[in-house]
Amino acid sequence: MRFRHYTAIFAVSDELAIGIMRGLVSIGKRLPMDQSVLGVGNLEIDDYVSPKLSSINIAASNIGRAAFDKLEELAKNPQTAHELLTLPLDITKRFSIKHI
């Protein structure tokens, strides 16, 4: 796979982002100068990789609560309309993303 046309990669988890970072470095890419990487999860290990991984932080408890509430609502009324749920999140900025 060639990454030279991409300037940023958004991974669905911090674990995957760290693996991507390792792969990019192994093919000679400089992070974040050549490519930025952003993960999801804000794991403690993010501070111990090089460069430190920037990550989206979304509380698992918020996801669980929203899912439980929606399932409870559907159990009471199966005709409940489908809806898009928006949950709060924040980004922990470290050093894996190039400022542009």
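**Notebook: salt bridges, core and surface**

I began with E73 and K70, whose side chains meet in a salt bridge at 3.9 Å, N to O. I noted the rule: a salt bridge is a side-chain nitrogen of Lys or Arg within 4 Å of a carboxyl oxygen of Asp or Glu. E73 and K70 are three residues apart in helix α2, so about one helical turn separates them. Helices (H or I, at least four residues) and strands (E, at least two) are DSSP runs, numbered from the N terminus.

I then looked up exposure. Buried means under 20% relative accessible area, exposed means over 50%, and partly exposed lies in between (1.4 Å probe, protein chains only). E73 is partly exposed, at 34%. K70 counts as buried, at 15% relative accessibility.

Before going on, I wrote down what I was looking at. This is a predicted model, where local features need pLDDT of at least 70, side-chain atom pairs count only at pLDDT 80 or more, and totals for chains, interfaces and linings use all residues. Residues are numbered from 1 along each chain as its sequence is written, and side-chain values use heavy atoms, with hydrogens and water left out.

**Confidence**

I checked pLDDT, the predictor's confidence in each residue, from 0 to 100. The protein chain has a mean of 91, and 96% of its residues reach 70 or more. Confidence is lowest in helix α2 (residues 60-76), at a mean of 90. It is highest in α1, at 97.

How many salt bridges does the structure hold? I found six. Side chains of opposite charge can pair when their charged atoms come close.

I stayed in helix α2 for another pair. D69 forms a salt bridge with R65, with the closest N and O atoms 2.9 Å apart. D69 and R65 lie four residues apart in that helix, about one turn. D69 is partly exposed, at 34% relative accessible area. R65 is partly exposed too, at 49%.

Next I looked at R94 and D47, whose side chains meet in a salt bridge at 2.9 Å, N to O. Why does this pair tie together separate parts? R94 lies in the segment after β4 (90-92) and D47 in the loop between β2 and β3, so the pair links parts that are 47 residues apart in sequence. R94 is buried, with a relative accessible area of 15%. D47 is partly exposed, at 35%.

**Core**

I turned to the nonpolar side chains. A nonpolar core is a set of buried Ala, Val, Leu, Ile, Met, Phe, Trp, Tyr and Cys residues joined through side-chain atoms within 4.5 Å. The largest one has 10 residues, including I9, I18, L31 and L53. Its largest share, four residues, comes from helix α1 (residues 14-26). In soluble globular proteins, nonpolar side chains tend to be buried together.

I also looked up K29, in the loop between α1 and β2. K29 is partly exposed, with a relative accessible area of 22%. K29 and I18 are 11 residues apart in sequence and 14 Å apart in space, C-alpha to C-alpha.

**Surface**

Which residues make the nonpolar surface patch of about 320 Å²? I listed L43, I45 and Y48. I45 sits in the loop between β2 (36-40) and β3 (54-57). I45 counts as partly exposed, at 46% relative accessibility. Patches are made of residues with over 30% relative accessible area and no salt bridge; like charges are joined within 9 Å, nonpolar side chains (Val, Leu, Ile, Met, Phe, Trp, Tyr) within 5 Å. Accessible areas come from the Shrake-Rupley method with a 1.4 Å probe; for residues, only the protein chains shown count as cover.
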